Amino acid sequence: MKPTDRSYAVDRTEEEWKATLSPEEYQVLRQAGTERPYVGEYTDADGMVHGFLWDQGQFTTIDVPEAAMTSAVDINDRGQIVGVHTTDGTTIQGFLLSGGA
């Protein structure tokens, strides 16, 4: 196969793309929706540890109320966020977050 310098101009509005592509194709091809959501933890300027969710370019902090530390560990097959937290600094407890952060 030899290289070609052919190019094809495609001039469509976003509405036309939405009508042409399936919702999943539109998300991947037109909105770069190929990155899976992921979770982790970060330490803020005051030394507090917080969990986070990164999903489709949006960063969301996850904190268990009254926790001294929250860490998001994984996303299970059901889409739930699995993590740990502590309120007293010594006893670690698990949490399961359903329906978003």
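**Strands, hairpins and an aromatic cluster in a predicted model**

The chain contains two helices and six strands. Helices (H or I, at least four residues) and strands (E, at least two) are DSSP runs, numbered from the N terminus. Along the sequence their pattern is α-α-β-β-β-β-β-β. The model is predicted, so local features need pLDDT of at least 70 and side-chain atom pairs count only at pLDDT 80 or more, while totals for chains, interfaces and linings use all residues. Residues are numbered from 1 along each chain as its sequence is written, and side-chain values use heavy atoms, with hydrogens and water left out.

Confidence is given as pLDDT, the predictor's confidence in each residue, from 0 to 100. The mean pLDDT of the chain is 86. A value of 70 or more is reached by 87% of the residues. Among the elements, strand 5 (residues 81-86) has the highest mean, 96. Helix 2 (residues 23-31) has the lowest, 81.

The chain exposes about 7,900 Å², of which carbon and sulfur atoms supply 49%. Accessible areas come from the Shrake-Rupley method with a 1.4 Å probe; for residues, only the protein chains shown count as cover. Of the 101 residues, 23% are buried. Here buried means under 20% relative accessible area, exposed means over 50%, and partly exposed lies in between (1.4 Å probe, protein chains only). Contacts (heavy atoms within 4.5 Å) were also counted. Among those between residues at least 6 apart in sequence, 14% join residues at least 24 apart.

Strand pairing comes next. Two strands pair if DSSP finds at least two bridges between them. Strand 1 and strand 2 run antiparallel and are joined by six bridges. They form a hairpin with five residues between them. In its turn, G47 has a positive phi of about 85°. T43 has V49 of strand 2 as its bridge partner. Strand 2 also runs antiparallel to strand 3, with five bridges between them. In this pairing, L53 stands opposite T60 of strand 3. The hairpin of strand 2 and strand 3 has two residues between the strands, and Q56 in the turn has a positive phi of about 50°. Most residues other than glycine have a negative phi.

Strand 2 is largely enclosed by the rest of the structure, because five of its seven residues are buried. V49 lies in this strand. Not counting residues up to four places away in sequence, V49 touches E41, Y42, T43, D63, A68, M69 and T70. The C-alpha atoms of V49 and S71 are separated by 7.1 Å, although these residues are 22 apart along the chain.

A72 stands opposite G83 in strand 5. H85 belongs to strand 5. H85 is buried, at 7% relative accessible area.

E66 is located in the loop between strand 3 (58-62) and strand 4 (69-75). E66 is not a glycine, yet its phi is positive, at about 65°. With 78% relative accessibility, E66 is exposed.

Aromatic side chains were then examined. A pair of aromatic rings is described by the distance of the centres and the angle of the planes. Rings of Phe, Tyr and Trp (its six-membered ring) pair if their centres lie within 6.5 Å; planes under 30 degrees apart count as stacked, over 60 as edge-to-face and the rest as tilted. The structure holds three aromatic pairs. Y38 and F52 form an edge-to-face pair, with 6.2 Å between centres and 85° between planes. Y38 is in strand 1 (residues 38-43) and F52 in strand 2 (residues 49-55), so the pair ties together parts that are 14 residues apart in sequence. Y38 is partly exposed at 40% relative accessibility, whereas F52 is buried at 13%. F52 also pairs with F59. This pair is stacked, at 5.2 Å centre to centre and 25° between the planes. F59 is partly exposed, at 42% relative accessible area. Y38, Y42, F52 and F59 form one aromatic cluster.

A charge also sits over a ring: R12 lies over the face of W17, at 4.8 Å from the ring centre. The criterion is NZ of Lys or CZ of Arg within 6 Å of the ring centre and within 35 degrees of the ring normal.
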